[in-house]
Amino acid sequence: MSARTVTIQYNDKVVRQFLLASVLWGAVGMLVGVIVATQLNAWRVNFDLPWLTFGRLRPLHTNAVIFAFVGNMMFAGVYYSTQRLVKARLASDFLSSLHFWGWQAIIVAAAITLPLGFSRGKEYAELIWPINIAVAGIWVVFAVNFFWTLARRHERALYVAIWFYIATIITVAMLYIVNHLSIPTSLTHSYPIFAGVQDGLVQWWYGHNAVAFFLTTPILGIMYYFVPKAAERPVYSYRLSVIHFWSLVFVYIWAGPHHLLNTALPDWLQVLGMTFSLMLWAPSWGGMLNGLLTLRGAWHKLRTDPVLKFFAAAVTFYGMATFEGPLLSIKSVNALGHYTDWIIGHVHAGALGWNGFMAAGMIYWLLPRLWNKPLHSVSLANTHFWIGTVGILLYVAAMWVSGITQGLMLNATVEGGTVLAYPNFLDTLNAIRPMMLMRIVGGGLYLVGWLLLAYNVVKTISGAKAVDGAAEVLVDDTPVQRVGAVGTFVNPPVVFSILGTIFACAWMFGGDLLRLLGLFGTITSVILAWLHFEAKIRGWAEWYDRLLVNAAPFTVLTFLAVAAGGLIQIIPTVIVQRAQNVEDRIQVPYTPLELAGRDIYVKEGCYNCHSQMIRTLVPDVLRYGDYSRLGESIYDHPYQWGSRRIGPDLARLGNADGKGNPKYGDAWHYQHMLDPRSVSPGSNMPNYPWLFTQKTDLAALPAKMRVMRTLGVPYAEQTPEEIQAEALAQGAKIADGLRESGLHTAADREIVALIAYLQKLGKSEPVTRSTALAK
């Protein structure tokens, strides 16, 4: 067939909408971040109001930055670049509009529900189940619109940026759905189907890879499009981009367990997470070098061009963050840095430096093209860059110093490692207060820089006329050779990859003989693959070129690459780690009142400051008691192991001596929640006066316990009246004890339920063969 020319009018309206939304929500997310940072230094900034406490605002901050700021920026970049890379208008204007308005509605719903305390209690996955369904639905809209556009494309081969977009769409869907599987108890509450170690593994399989496939892979795709455009240079190495993509999407998915090192997580999973995290150094730095070297021949432009400044700094921060992540996954380093501000600094180097600067560079580059008007002020954009850079450096440096200082103090021992050097947790907190103040300064400067961008955007688009891009495209209808179903899998690259993975799994998980055979097979597979590649390089290249002509086989292979790690890690854990397979002790199920108290603990966001996991480290055991067993949280839906210790660990709060005696009495907890500084001088914890006036929702308990029974918690059948009567009886006993101490409250108040829960923490029963089988 003969070629013909067609005119493509791009849908840039939706790009403009997502871009402006990103600017707005970026400012909101950063402002909330400065507020919560201030609350850590000045507890009065919580204002004794439930919807303004750190525990409720911190999830709002993280969700706003991830899903509102970066999410909108990502959609703008994906929609703009995809249309031009495939030479086709977005398939559906309706789906594009539905995607935009649906996503903004989700953000608003999150902004309302999170401060009100509606939370699932899992980091980056706090949103309640109706909103989660909406997220999944809008993501499907995005996927349909994207793949439909690919099907209508006039450019046959898929450019590297499209590869990363495909990986993002299918992997985020997989991660989000699995981690948010829940059984509702009401319109605003549900329990996840996983518990304890299973929930922890699934959560960080999601949490780690949400960073990978929501904050990294789509932004890498944007990098591969916008950096060459801004630098007016081709990508440095196409071959390196191929290696970067496939190694990254395969290796990244395995690394989640490094968030749970030295915990009750089975050791094989910890080793697996650490190993693959260290392997991430290679593909991550390969991508960074590919981005930076694309700027070769254009470095002189950085003196005057703010866009290239932001892009170059962003890629540099990406390299820094992806060096630090594997470093922190080494067990000995993790023992120092985990639960401290070092992790916070690491996360913000990526969020502010990589995501934030890529967003700024992209926005400044797009503004003149979407509104057909020069940027209002280049000097203001340059000022934004330097203020933002100083802000990031102050923030990250402060968190490094703070985290390492606190980690060293918490782990310090004397007298031959038998006594803690700093037994009072608050000593470590007060030591890092100057660095916590420096974080506010750094975050504030970064916010000021973003507000300069917002001002620049407003002045640029004021009086400007929005324009949609257009292009004359030569369409060639000549049939091309595609990769069929057989050719997708039966070819040297895929066969060698599968063999290598199988042998590597045998090496890591098998017995002595199988490990030896696995090691030999892995080495042999790598050598044979390399030799075959060198001998048949043209054949490998031709197969890959044919693969890129058809999006379906490419998408299938990408899905298999990302799904393999999750399946190998999660399925054995879900099947094996049950009540019949725990170690020497098993959790005692919560009473109805304790379950209600646990939900209050989650509602107030206490997991943002306290862990419930004593690691297998001498300082942890000296400070908090015997190390945690996986059986001690086996009925916890959701798990509450935590990831940060702004306050001490609570795993053995109700069983401090191992004999069932709590660390503190009920009266201490009462005073601590009313005025923390009355019992813990120097504490930065907010007051919780509303817990003493609000009633516990006892009417919701029957539905909650019914769901818990469905999930395998060994509760006996009870009528709603019996459940509520049992809760009130336990509450009355606690209220009577408080009254004897001169403290007065009703049995049905939230403070009573919370005290009941806190006094249950750490209580378990010994496991014998007969009790295990009974479970």
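This is a predicted model: local features need pLDDT of at least 70, side-chain atom pairs count only at pLDDT 80 or more; totals for chains, interfaces and linings use all residues.
## Accessibility and the model

A residue is called buried when its relative accessible area is under 20%, exposed when it is over 50%, and partly exposed in between.

## Salt bridges

Side chains of opposite charge can pair when their charged atoms come close. Over the whole structure, 28 salt bridges are found. One of them joins the side chains of Glu123 and Arg58, with a nitrogen-to-oxygen distance of 2.9 Å. This pair links distant parts of the chain, since Glu123 lies in the loop between α3 (93-113) and α4 (129-151) whereas Arg58 belongs to helix α2 (residues 54-86), the two being 65 residues apart. Both partners are buried: Glu123 has a relative accessible area of 8%, and Arg58 has a relative accessibility of 14%.

Another salt bridge is formed by Asp675 and Arg677, whose closest N and O atoms are 3.9 Å apart. Because its relative accessible area is 31%, Asp675 falls in the partly exposed class, while Arg677, at 16%, is buried. Asp748 and Arg749 also form a salt bridge, with their closest N and O atoms 2.6 Å apart, and Arg749 is buried with a relative accessible area of 19%. Beyond these pairs, a network of salt bridges links Asp584, Arg585, Asp626, Arg629, Glu632 and Arg652.

## The β2–β3 hairpin

Strand β2 (residues 182-186) pairs with β3 in the antiparallel sense, and the pairing extends over 4 bridges. The two strands are joined by a hairpin through 2 residues, and across the pair Ile183 stands opposite Tyr191 of β3.

In a regular strand the side chains alternate between the two faces of the sheet. In strand β3 (residues 189-192), His189 and Tyr191 point one way, and Ser190 and Pro192 point the other way. Residues on both sides of this strand are buried, for all four are described as such.

## Cysteines

A disulfide is a covalent bond between the sulfur atoms of two cysteines. The count of disulfides in this model comes to 0, with a pair of cysteine sulfur atoms required to lie within 2.5 Å. For Cys606, the closest cysteine sulfur is that of Cys609, and because the distance between them is 7.7 Å, the two are too far apart for a bond. Cys609 is accordingly in no disulfide, its nearest cysteine sulfur being that of Cys606.

## A nonpolar surface patch

Val486, Phe489, Val490, Val556, Phe559 and Leu560 together make a nonpolar surface patch of about 540 Å². The elements that give two or more residues to this patch are α17 (485-489) and α21 (551-576), and of the contributing elements α21 gives the most, with 3 residues. Val486, which is placed in helix α17, is exposed, with a relative accessible area of 61%.

## Asn46 in the α1–α2 loop

Asn46 is placed in the loop between α1 (13-41) and α2. When neighbours within four places in sequence are left aside, the residues in contact with Asn46 are Gln39, Leu52, Thr53, Phe54 and Pro686. Asn46 and Ile35 are 11 residues apart in sequence, and their C-alpha atoms are 9.1 Å apart in space.

## Helix α27

What is the setting of helix α27 (residues 750-758) within the structure? Because 9 of its 9 residues are buried, this helix is largely enclosed by the rest of the structure. The buried residues of α27 are Glu750, Ile751, Val752, Ala753, Leu754, Ile755, Ala756, Tyr757 and Leu758.

An α-helix has 3.6 residues a turn, so residues three or four places apart point the same way. The buried residues of α27 pack against α22 (592-603), α24 (666-674) and α26 (720-740).

Terms used. Residues are numbered from 1 along each chain as its sequence is written. Side-chain values use heavy atoms; hydrogens and water are left out. A salt bridge is a side-chain nitrogen of Lys or Arg within 4 Å of a carboxyl oxygen of Asp or Glu. Buried means under 20% relative accessible area, exposed over 50%, partly exposed in between (1.4 Å probe, protein chains only). Two strands pair if DSSP finds at least two bridges between them. Patches are made of residues with over 30% relative accessible area and no salt bridge: like charges are joined within 9 Å, nonpolar side chains (Val, Leu, Ile, Met, Phe, Trp, Tyr) within 5 Å. Accessible areas come from the Shrake-Rupley method with a 1.4 Å probe; for residues, only the protein chains shown count as cover. Contact means heavy atoms within 4.5 Å.
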